[in-house]
Amino acid sequence: GADFFGNTTSTTTTTSVFGGGGGGMGAAAPSPRHYDDSEAKEQKEKVAKQQQQDAATDNPLRQQLRREHEEKVKKKQAEALQEIQRQETEEKAKAAARDACEVKVRNRVEAWAGKGGKANNLRSLLSTLQDVLWPDSGWKPVTLAELMDARKVRRAFLKAAAIVHPDKMVNQSVENQLLAERVFNTLRDSFDAFRDAEL
C-alpha cells in the first residue's frame with residue numbers, strides 16, 4: 001500500500017523465535033536429558049567405588065590387619081594411662097613423705113641455727129654444721145679458730161653451700177632434701193649479713 005504522501009511501503013513479517021520457518025533468531029533449548037545422564041553416571045561411579053571399598057573391608061586379611069592395629073592402639077593407650085597413674089602415685093607418695101619429715105627437719109634445723117646465739121652468726125653455724133648434716137654428707141668440720149679470717153669464712157661457706165645446694169640433692173632421701181634446703185637457706189641468709197659486715 002501507499003502512505004499519506006504516496007510512497008510505497010512494504011510489510012515485514014516477523015517470525016516468532018519459538019515458531020518454525022523463517023530466519024528466526026532463537027534456537028530450541030537444550031534438552032535436560034544431557035544433565036540427567038551425567039548425574040546418573042556420577043552416581044553409578046560412586047556406587048561402584050563404595051562396592052570396591054566394601055569388598056576390601058570384607059577381605060579377611062584386611063580385617064586381621066585392622067584388628068591388629070586397633071589392638072596396638074589400645075595397648076599404647078593403656079600403657080600411657082598406667083604411666084600417668086604411676087607418676088601420680090609416686091608424686092602422692094613423695095608429698096606424704098615430705099609432710100611427715102617437715103616438722104622433724106624444721107625442729108632439727110631450728111635447734112642447730114638458734115643454739116648458743118648462732119642466729120645469723122656464720123662462723124658459729126659453719127663450725128657446728130656437722131651437728132645438723134647427715135653422716136655421709138662429705139662435710140669436713142672446721143673450728144672457730146680456723147674461721148677468724150674472713151676469707152676462710154667465705155671459703156668454708158662456699159664448700160658448705162656446694163654440699164647442701166638443692167641441685168645436688170636429687171638422689172638423696174626426702175628427709176635429707178628437706179634438711180639440705182633449710183640448711184642452705186639458713187647459711188645463705190647468714191652469709192648475706194656477714195658479707196655486709198666484713199667483706
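Glu175 and Lys104 pair through their side chains in a salt bridge (3.3 Å, N to O). A salt bridge here is a side-chain nitrogen of Lys or Arg within 4 Å of a carboxyl oxygen of Asp or Glu. The pair links distant parts of the chain: Glu175 lies in helix α5, Lys104 in helix α2 (residues 60–113), 71 residues apart. The model is predicted: local features need pLDDT of at least 70, side-chain atom pairs count only at pLDDT 80 or more, and totals for chains, interfaces and linings use all residues. Residues are numbered from 1 along each chain as its sequence is written, and side-chain values use heavy atoms, with hydrogens and water left out.

**Salt bridges**
- The count comes to 9 salt bridges.
- Arg123 forms a salt bridge with Glu198, the closest N and O atoms being 2.7 Å apart.
- That pair also links distant parts of the chain: Arg123 is in helix α3 (residues 122–127), Glu198 in helix α5, 75 residues apart.
- Helices are DSSP runs (H or I, at least four residues), numbered from the N terminus.

**Exposure**
- Buried means under 20% relative accessible area, exposed over 50%, partly exposed in between (1.4 Å probe, protein chains only).
- Arg123 counts as buried at 15%.
- Glu198 is partly exposed at 41%, and Glu175 is partly exposed at 22%.

**Asn176**
- Asn176 sits in helix α5 (residues 174–198).
- Asn176 is buried, with a relative accessible area of 14%.
- Leaving aside neighbours within four places in sequence, Asn176 is in contact with Trp134 and Met169.
- Contact means heavy atoms within 4.5 Å.

Terms used. Helix = DSSP H or I, 4+ residues; strand = E, 2+ residues; numbered from the N terminus.
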